[in-house]
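Please open the structure in your viewer and keep the sequence beside it. The tour below goes from stop to stop, saying what to select and what is there.

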Amino acid sequence: MKKLAFLLVITLSVIACKKDKGSSKEAIKKVKKYTIKQMMDNESVFGGSFSPDKSKLLVTSNRSGIYNMYTVSTSDGTFTPITASDSSSVFARSYFPKDNRILFSMDNNGDEIYHIFLRELDGSIKELTPQKGARASFYGWSKDKKSFFYASNKRDKRFMDVYEMDIETLIPKMIYENKEGYNVAAISNNKNYFALSKTVNTNDSDLFLYNRTSKKNTKINKTLSGNSAADFSTDDTNFYYTTDADGEFASLMKYNITSGEIEKVLQKKWDVSGSYFTNNGKYRVTYINEDAKNVIEIFDIEAGKNIELPNVDGKSITNVGFSRDESMMRFYAGGSHTPSNLYVYDLKTKKQTQLTDVLNKEIDGADLVNAKVIRYPSFDGVTIPAIYYLPHQATENNKVPALVWVHGGPGGQSRQGFNSRIQYLVNHGYAVLAVNNRGSSGYGKTFFTMDDLNHGEKDLQDCVEGKNWLAKQPQIDGDKIGIIGGSYGGYMTMAALTYTPEEFAVGVNIFGVTNWMRTLKSIPPYWESFREALYKELGDPHSADSVRLKKISPLFHTDKVTKPLMVLQGAKDPRVLQIESDEIVAGVKKNGVPVEYVLFDDEGHGFVKKKNQIESNSRILKFLDKYLKKEEPLQNNEL
């Protein structure tokens, strides 16, 4: 099992400047600067469950300023709102298999206690998992389409049991009682086999097949390795999973349930991150994490080869889904320079139809930038991958300030995808280097475990070396380099300002951990199955490890911070508690250092409401302009 990561993904790009005729100076490319409102008016759309007649897709969109459910016509892209929440976000899950009833989920403004709801044909809403304080997660439909599965911790807040709910009676029945901390990862079509995983550490897990009839639990993996369930074959004779048992990267394997024989199905030079079969087993869809970008292969089982994917003018297809009869595919395609749009594709006629155009009409796509993957050596010779975003206007004669961006995690990965926040910063003249420091996923299991029990040390040095790489670039002002990150990246920001106080000119900490002992002791109860793995990687706060955890917790060393700091936090965050940010702000202020604190009462671990995204990002730019670029900040109406 890979580390639980909370990724803030950033992507941008590079364009070369032209030389002036008869001059040795480079011409500065003119780029229109956009306000934060313009940049955040890009629409975010995801999901896409086909209606039974394939005339509509059910999606989630933030076009109203908050995530709500919409249906989208598969013929002309017409959006129809289904919900109109103005507080908690609504996340679409699925149409019912044979009618237009809808399942969706909501939490309470980011507290992550999700409940499952039903929207009836007449528009009325029924809460299906009303137990207060209990979390529920939709697991999918039964093969006969008469029921669906979901997980809930209503019996024991530490463990997720599995329930089956009949779609006519809406009466749930527990079908797996989880008393030993397993994670139910897949359910066979005949409902007799459950794929169970048991976390060993943040990279490795044991994988089992549980037979509900015989009560026998069979271990699949023979060695300690990273294993993840994928899917069952349509006839339930084979179970598919991924493992890194025989190499640095995960391969796709097939386990014969009767004989126990294991066969390697697919191996790449990168991690096979997931695979599943379409409804009737016609296609096998596989995702590969290729150098921080999704690559998708769709294998036609009968033909014995991959199908050719639609051409989308150089954009990458990032996600796909199929109608239940497997005749139509919906997909998303985009890039670091453009947000992903939704398409439908007729697999027989090869006709593709673009259903959305999510880039704000006021933005010229030529003003946005494309990501460039680079690599640099760290202090000990380890090669560090990173994604580099250089403003169009940057030249050797017009040097720009820069930011080292650190992803969430531990164990996350900065990936090549569109991010409005970072496009906004780059548009306003900041280069960004998104560092995938040691401990990041996607670069092999050895690299992934390199930061175990040395957080705030070698991984921090990787970030410092990223700053040094930036300082050597001819378009970068080496005296104006800051550090920014969210969650674990926020911790790295505080670690940088605390333990390497002269390296970075400023820091932006977005809901970052600052007291590891408190954070590890206050892990949400529904993370119980993962708790010991986190302790093995980071340290056990109830043991002698607490000495080291205190040493690497910036809260206890705030007297060392000398550079301007900005902190952003959601009050309902269940992962990084508000007190983490409250206390670090109070501690740093004692040094007489400039500190700005932005707190949102209606957000959790990540800011999902557009009004809060606009506020947070505009405040970040004003802070950077004042303390990093050292310019007079623009007025609010200019941002």
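At what angle do helix 4 and helix 5 pack, and how far apart are their axes? Select residues 458–472 for helix 4 and residues 488–499 for helix 5: the two pack at an angle of about 80°, and their axes are 10 Å apart. Helix 4 is therefore roughly perpendicular to helix 5, a term for angles of 65 to 115 degrees. Axes here are lines fitted to C-alpha atoms, for helices over the stretch in contact, with angles running from 0 to 180 degrees between N-to-C directions. Helices (H or I, at least four residues) and strands (E, at least two) are DSSP runs, numbered from the N terminus.

Before going on, note that this is a predicted model, in which local features need pLDDT of at least 70 and side-chain atom pairs count only at pLDDT 80 or more, while totals for chains, interfaces and linings use all residues. Residues are numbered from 1 along each chain as its sequence is written, and side-chain values use heavy atoms, with hydrogens and water left out.

On helix 4, Asp459, Leu460 and Cys463 make the contact (heavy atoms within 4.5 Å). On helix 5 the partners are Tyr488, Met492, Ala495, Ala496 and Tyr499. By class, this contact has seven nonpolar, no polar and one charged residues. Ala, Val, Leu, Ile, Met, Phe, Trp, Tyr, Cys and Pro count as nonpolar, Asp, Glu, Lys and Arg as charged, and the others, Gly among them, as polar.

Next, select serine 487, in the loop between strand 33 (476–486) and helix 5. Its phi is near 65°, a positive value in a residue other than glycine.

Aspartate 236 is another stop for phi: the value is positive, about 65°, although the residue is not a glycine. Look for aspartate 236 in the loop between strand 17 (227–232) and strand 18 (238–243). Aspartate 236 is buried, with a relative accessible area of 9%.

Now go to helix 2 (420–427). How many of the eight residues of helix 2 are buried? The count is eight of eight, running through Ser420, Arg421, Ile422, Gln423, Tyr424, Leu425, Val426 and Asn427. Among the elements that cover them are helix 1 (36–40), strand 30 (383–389) and helix 10 (610–627).

In the loop between strand 31 (400–406) and helix 2, select proline 410. A cis peptide bond, with omega about 0°, joins glycine 409 to proline 410.

For the last stop, select threonine 278, in the loop between strand 21 (271–277) and strand 22 (283–289). Threonine 278 counts as buried, at 5% relative accessibility. Leaving aside neighbours within four places in sequence, threonine 278 is in contact with Tyr283, Val285, Phe322 and Glu326.

Methods. Parallel < 35°, antiparallel > 145°, perpendicular 65-115°, else oblique. Buried < 20%, exposed > 50% of the residue type's maximum accessible area, 1.4 Å probe, protein only.
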